[in-house]
Amino acid sequence: MSREEFDQYVLPAYTRFPITIVRAEGSYIYDDQGKQYLDFLSGWGVSNLGHRPPSVVEAIKNQAGVLIHVPNVFYTEPQGELARLLVDNSLGGGKVFFGNSGAEANEAAIKFAKLYGQGKRHTIVTAEGSFHGRTAGVMAATAQGKVKGGFDPQLQGFVHVPFNDVAALQQSVDESTVAIMLELVQGEGGINVATQEYAAAISQLCRDRDVLLIVDEVQSGMGRTGSLFAYQQYNIEPDIITTAKALASGLPIGATIAGKKIVPLVKPGMHGSTFGGGAVVAAAGVATMRAILDPKLQQNVASLSGLLADKLQQLAAKHDCITEVRQRGLMIGLQLDRPSSPIADACLERGLYVNSTQDTVIRLLPPLTITPAEAETAVSILDEVIGALS
Ligand SMILES: Cc1ncc(COP(=O)(O)O)c(C=O)c1O
């Protein structure tokens, strides 16, 4: 099918490059002309193990050979095993609800928070620059005008405060507040990292005011920042964790990990999903989790993030247009003093896929499996492109 025919049938909800991708493997995607692109975005943070990781492909094939779908009125082994892996490595004593996307994981978190509020408290505080998804509820939670444009009136019950601002957060909490929901490393917002002081203040505030802490780890989770979840690098214990994207290496999944305060509140019939935690996607999730929990992968993240930190600081020293490098593990933002999309486009031309976000930020989310040589290639393409364009 030509791209013109495609556009005749598919709604133009996305801006697409005039490129048709036909194959992917490891750190690379390939177009229909055979051109290869080093994927330094991992499909918006999905392919953390690279494309088509062999152990996940095998798990999908094996599971598809015996059971693809039964509704959630039955027990299935892969769903239970995936829940066990998530809980044992995050909120001990917690339990998981499975949906199909990051937005759904956050929708479930919002519903659970309302249950906790018992109809008396319902307001949820979120941070400016956040991104929690595109469905009606989480669009309202997302504190970015460009996401909400055209879709008023928004669902009520969300209050937005500046990110990393303790005083603003404290002032925003009142007797109607039931939860604070935030990304500790804002992804779509341009890689903004919560300070330790901010996280500590949130944790204290939540304890003092009996407010739930929901951490959105849809993008920052699954080993991306150097620990399974970003919150594990802060001295805090969330009440709810949401995750998705990389959890099943590219099959659609969302998981809401509910802590001890939530578990007793959720009863049969209160929430549900036809496909959530299906056998094939859950088997892919189990294989993905096992690979991400492998200490060798975690060592790779540590050493490659160190290597990239050094190289990107050198790049920033060389090119004045890079005003800041923000990084947590392999979640990296280059703040520019100019529009970032011409640079992202020129990188793509030269075979490097990176993303432009918030108009002036280049976002890098390479697979956690990249090699030092691939990291060097990416930095040298960026160097070349920025040099040529500035
Ligand atoms: C932090 C965060 N939360 C939620 C979402 C929404 O996830 P999905 O697109 O799977 O609905 C995203 C997607 O980019 C995200 O980055």
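Ala, Val, Leu, Ile, Met, Phe, Trp, Tyr, Cys and Pro are counted here as nonpolar, Asp, Glu, Lys and Arg as charged, and the others, Gly among them, as polar. On that basis the shell around the ligand has five nonpolar, seven polar and three charged residues.

The structure is a predicted model. The mean pLDDT of the protein chain is 98, and 100% of its residues reach 70 or more. Among the elements of the chain, the lowest mean pLDDT, 95, belongs to helix α7 (residues 145-148), and the highest, 99, to strand β12 (residues 254-258).

The ligand is surrounded by 15 residues, of which Ser101, Gly102, Ala103, Gly133 and Val218 are the closest. Helix α5 (residues 102-117) gives the most to this shell, with three residues.

The domain assignment divides the protein chain into domain 1 (3-52 + 296-389) and domain 2 (54-293). Their C-alpha centres lie 25 Å apart. The contact between them takes 26 residues from domain 1 and 25 residues from domain 2. On the side of domain 1 that touches domain 2, the elements that give two or more residues are α2 (42-45), α11 (295-318), β13 (322-328), β14 (331-336) and β17 (361-364). Of these, α11 gives the most, with five residues.

Terms used
Residues numbered from 1 in each chain as written. Predicted model: local features only at pLDDT ≥ 70, side-chain atom pairs only at ≥ 80, totals over all residues. Near = placed C-beta within 6 Å. Helix = DSSP H or I, 4+ residues; strand = E, 2+ residues; numbered from the N terminus. Domains from an automatic or database assignment. Contact = placed C-beta atoms within 7 Å. pLDDT = per-residue confidence, 0-100.
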